[in-house]
Amino acid sequence: MMRKKFIKLTAACVLTAIVLYSGSLQSQSASALTNPSAIYEPVQQQAEQWAAELASQPSFHAWKQASLVVSPIGPGTHSWLVLVKQNKLTVGYLIINAVESGGYQLGEYGTSSSPPFDEGTLSKSVRQLELLHPASSIEALYVNPLLAAWKVASEKETYYTDAASGESLPIGENDWLAAESQKPVNLERMQIGANAALLKQVSLPSFNAYDKLPWLTDRPISLNASSYNSLFAKINNKEQLRYTAELFDGQMLYVWSVVGYNKWDSGQLYVALEAGEDGLDRRYIPVSLLIELGRFYR
């Protein structure tokens with residue numbers, strides 16, 4: 001659930017924004033490919049290893065023999081969006097972050113056909129903004145899975161929209177900078193090995209997260225970054241859990257249903273979250289990050 005307002009936009013503004021975003025990605029990719037030492041190659045190799053391991057699991061069967069397309073998320077950042085393509089159709093994604101001490105961290109991954117920073121979602125996103133003139137610039141911003149957005153600038157205004165849902169964010173530049181400057185996530189703590197293997201996968205049926213509203217009436221499950229066995233015991237028992245996160249000083253409330261998890265041999269656990277209930281768009285996010293940013297409810 002998000003607090004939002006819907007606004008009309010001309011088709012010309014939508015088209016202009018998409019062209020700006022697509023052109024930005026293409027120019028970044030072209031410049032990287034002309035540089036033999038460009039970082040795309042090691043990112044591609046790492047993505048292929050993790051994608052191949054995921055493809056061996058039933059929930060990711062569509063990833064078998066898929067091709068991968070790597071693009072940087074925003075200029076000057078250290079994160080990359082990797083689209084998993086099957087016959088030119090997107091069947092999933094990974095987001096990979098560079099780690100300061102060396103190597104890469106798997107920030108999140110999922111089976112969505114419309115992953116974060118998808119052009120179709122961008123179109124939906126821009127339609128919700130009221131622009132008197134076409135956007136002059138559009139930039140992808142990625143801090144972590146729950147803090148990912150498009151920054152859309154027009155002549156006099158700057159807007160932010162959620163990179164995954166396309167919803168307009170009721171924030172300004174100061175709100176974004178404040179959220180961005182909070183305690184940084186320790187990527188090394190969530191790093192999995194380059195040749196990591198999946199030890200266990202649990203997948204639960206989809207359900208409507210709003211059938212019950214425990215975040216309004218009940219206390220959250222008691223967890224901390226070093227002790228979360230009780231959470232996975234409940235998932236293993238097939239209990240229906242919800243995850244919520246309030247961002248930007250409570251201006252935004254995100255709600256997802258918890259529909260499983262992946263356990264890697266490095267000990268890292270990625271919880272499967274779902275915004276809908278069709279089972280098609282699942283995001284896998286490190287549990288330690290989720291505990292840090294939000295709460296789980298029964």
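Colleague: Is Lys-151 buried, partly exposed or exposed?

Modeller: This is a predicted model, and burial in it is read from the relative accessible area, where a residue counts as buried under 20% and as exposed over 50%. Lys-151 has a relative accessible area of 22%, so it is classed as partly exposed. Glu-173, with a relative accessible area of 40%, is partly exposed as well.

Colleague: How far apart are the closest N and O atoms in the salt bridge of Lys-151 with Glu-173?

Modeller: For a salt bridge, one looks for a side-chain nitrogen of Lys or Arg within 4 Å of a carboxyl oxygen of Asp or Glu. In the pair formed by Lys-151 and Glu-173, the closest N and O atoms are 3.6 Å apart. Lys-151 belongs to strand 6 (residues 147-153) and Glu-173 to helix 4 (residues 173-180), so this pair ties together parts that are 22 residues apart in sequence.

Colleague: How many salt bridges does the structure hold, and which residue forms one with Glu-108?

Modeller: There are four salt bridges in the structure. The partner of Glu-108 is Arg-283, with 3.0 Å between the closest N and O atoms. Because Arg-283 lies in strand 13 and Glu-108 in strand 4, the pair ties together parts that are 175 residues apart in sequence. Both Arg-283 and Glu-108 are buried. Another salt bridge is formed by the side chains of Glu-274 and Arg-282, at 2.9 Å from N to O; Glu-274 is buried with a relative accessible area of 0%, and Arg-282 is buried with 7%.

Colleague: Which residues of strand 13 lie on each of its two sides?

Modeller: The general idea is that in a regular strand the side chains alternate between the two faces of the sheet. In strand 13, Arg-282, Tyr-284 and Pro-286 lie on one side and Arg-283 and Ile-285 on the other, and all of them are buried, so that both faces are covered.

Colleague: Which strands pair with strand 13, and over how many bridges?

Modeller: Strand 12 is joined to strand 13 by five bridges in the antiparallel sense, and within this pairing Glu-274 has Arg-282 as its bridge partner. Strand 4 also runs antiparallel to strand 13, with two bridges between them, and here Gly-110 is partnered by Arg-283.

Colleague: Where does strand 4 lead us, and what are its bridges to strand 3?

Modeller: Strand 4 (residues 104-110) is joined to strand 3 by six bridges, and the two run antiparallel; Tyr-104 in strand 4 is the bridge partner of Ala-98. Five residues lie between these strands in their hairpin, where Gly-102 takes a positive phi near 120 degrees. Strand 2 (residues 79-86) pairs with strand 3 in the antiparallel sense over eight bridges, with Ser-79 opposite Asn-97. The hairpin of strand 2 and strand 3 has two residues between the strands, and in it Asn-87 takes a positive phi near 55 degrees.

Colleague: Why is strand 3 described as largely enclosed by the rest of the structure?

Modeller: Of the 10 residues of strand 3 (residues 89-98), eight are buried, which means that this strand is largely enclosed by the rest of the structure.

Note on methods: Residues numbered from 1 in each chain as written. Predicted model: local features only at pLDDT ≥ 70, side-chain atom pairs only at ≥ 80, totals over all residues. Heavy atoms only, no water. Buried < 20%, exposed > 50% of the residue type's maximum accessible area, 1.4 Å probe, protein only. Helix = DSSP H or I, 4+ residues; strand = E, 2+ residues; numbered from the N terminus. Pairing = 2+ DSSP bridges.
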